Amino acid sequence: MQLKVQPIDIKVGKYKVVLNTIDAKELGVNEGDRVRIKDHTILTAIVDFTEDMIAPGMVGLYHEVQEQLQKEWTETVEVEPADKPKSARIIRKVMDGHKLERDEVYELVKDIVEENLNDIELAAFLTATYIKDMTEDETEWLTKAMIETGERIEFSTSPIMDKHSIGGVPGNKISLLIVPIVAANGLLIPKTSSRAITGAGGTADLMEILAPVEFTAKQIKEMTEKVGGVIVWGGATNIAPADDKLIRIEYPLSIDPHCQLLASILAKKGAVGAQKVVMDLPTGAGTKLPDVKSARKLARDLISLGERLGMDVDCALTYGASPVGRTVGPALEVIEALKVLETMEGPNSLIEKSAVLAGMLLEMGGAAAKGQGRELALETLKNGKALAKFKEIIEIQGGNPNVTHKDIPVGQFTAELTAPTNGYILEFHNKRIVQIARLAGAPNDKGAGVRIHKKRGESVEEGKPVLTIYAEKEEKLAEAIKNAREDIPIVVEGMLLEKVADITEV
């Protein structure tokens with residue numbers, strides 16, 4: 001069928017076209033089927049339907065298709081039905097509970113990267129692997145395929161260090177300390193980080209306050225070789241691109257299949273050439289790993305997969321039932337981390353966790369003797385070498401190396417949540433702290449967030465502040481403090497939660 005082109009200037013992340021239902025019926029295709037677009041280039045795209053946005057005789061081309069075909073408004077293309085990709089049948093095999101072969105896993109990942117699968121097919125794959133986990137062999141093949149279908153960084157020296165936290169803990173700003181500590185001791189650590197999805201600030205959101213974070217794989221390699229380390233956004237590269245595409249589907253489903261979690265973590269590490277990796281596995285109430293048993297299992301699986309990939313992986317089970325440090329939100333967290341680097345003044349939870357994990361990396365990389373890594377990490381903080389290295393990292397990424405913690409602006413609008421009675425804090429709900437910070441505007445509003453004055457086990461006085469909420473916009477502050485007061489994120493010893501005087505109120 002010959003159809004005139006109508007550009008649709010919207011990016012959808014995959015090759016898609018829109019057909020009028022009359023033309024679709026004539027072609028014999030249904031929504032979600034594929035059509036082949038033929039001109040000087042041949043392209044397969046997924047079909048959407050419309051009754052009025054695209055007129056009969058026209059085909060709407062989303063941005064990605066236009067870019068590939070380089071079509072103008074008045075030009076025409078040949079449109080014909082196309083078969084489903086082989087990987088759609090591979091997904092059905094997964095759904096039926098059958099094991100995959102190595103080449104089938106690679107074919108599946110290749111089609112994910114090339115956008116040949118629609119969202120329903122990807123959701124079916126993720127749901128099937130969530131219900132029934134992949135085997136160790138399949139998970140290894142999945143990880144290797146994710147590495148091989150994207151850009152890779154190969155260093156001529158070794159060892160290459162890296163660290164990763166599986167997340168789930170507010171205020172986990174430790175990479176801002178760990179990377180310069182490790183790099184200051186002569187090791188290379190190209191840290192690719194994520195932005196927040198459900199949190200109040202990913203490492204990339206924090207670092208972006210100090211310097212640009214979007215670089216190519218080649219630039220990451222060059223900068224790391226010059227100064228020893230970087231802290232950049234992994235999403236700006238084409239490193240393990242299948243991972244980002246799967247995460248986009250996982251998020252609305254609220255699932256994280258075990259095999260995909262393992263592959264996601266180690267594919268990113270393998271793609272940047274990491275040889276020695278420390279995994280931070282926060283454990284406790286409100287985290288992704290509610291107990292030590294589940295954390296140990298994940299640790300064993302990560303170590304095992306690392307061995308299959310030729311990667312040395314050590315895991316640290318860390319306390320995750322309370323925020324790291326006393327700040328949540330990009331600017332507030334950067335201030336806290338910079339102050340530690342500049343003065344060694346700051347929360348013990350931040351300093352100790354950073355020193356322990358950095359120490360593990362220093363020992364793995366041979367910069368410290370066994371059992372001496374933590375002490376070397378602390379000394380690197382105290383003697384100013386970590387700060388000096390962090391300034392080099394900021395400068396090579398295009399930031400101001402002379403910035404101090406006093407230079408970072410925070411939200412001008414503030415409100416306090418005060419203790420309702422005297423006593424001790426018995427419970428501290430991490431997820432509520434994150435929710436309040438996000439309502440205040442974090443992570444998009446860099447100055448928004450929460451400062452924590454009192455944590456679990458600390459004494460409080462009635463009327464004294466427990467939290468301070470920061471916002472860049474007054475209306476967001478009002479929403480955040482209203483939410484905080486309606487469902488208080490802390491419980492104080494002896495605190496009256498609610499009074500019910502009439503049975504009709506229950």
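The dialogue below concerns salt bridges and the accessibility of their partners.

Author: This is a predicted model, in which local features need pLDDT of at least 70, side-chain atom pairs count only at pLDDT 80 or more, and totals for chains, interfaces and linings use all residues. Residues are numbered from 1 along each chain as its sequence is written, and side-chain values use heavy atoms, with hydrogens and water left out.

Reader: What is a salt bridge, and how many does the structure hold?

Author: The term denotes a side-chain nitrogen of Lys or Arg within 4 Å of a carboxyl oxygen of Asp or Glu. The structure holds 34 salt bridges.

Reader: Which parts of the chain does the pair E80 and R36 link?

Author: The side chains of E80 and R36 form a salt bridge at 3.0 Å, N to O. This pair links distant parts of the chain, 44 residues apart: E80 lies in strand β6 (residues 76-82) and R36 in strand β3 (residues 34-38). Strands here are DSSP runs of E, at least two residues, numbered from the N terminus.

Reader: Is R92, which pairs with D96, buried or exposed?

Author: Buried means under 20% relative accessible area, exposed over 50%, and partly exposed in between (1.4 Å probe, protein chains only). R92 is exposed, at 52%, while D96 is partly exposed, at 45%. Their salt bridge spans 3.4 Å, N to O.

Reader: Which residues do shared partners join into one network?

Author: Salt bridges with shared partners connect K14, E115, D119, K245 and R248 in one network.

Definitions and conventions
Helix = DSSP H or I, 4+ residues; strand = E, 2+ residues; numbered from the N terminus.
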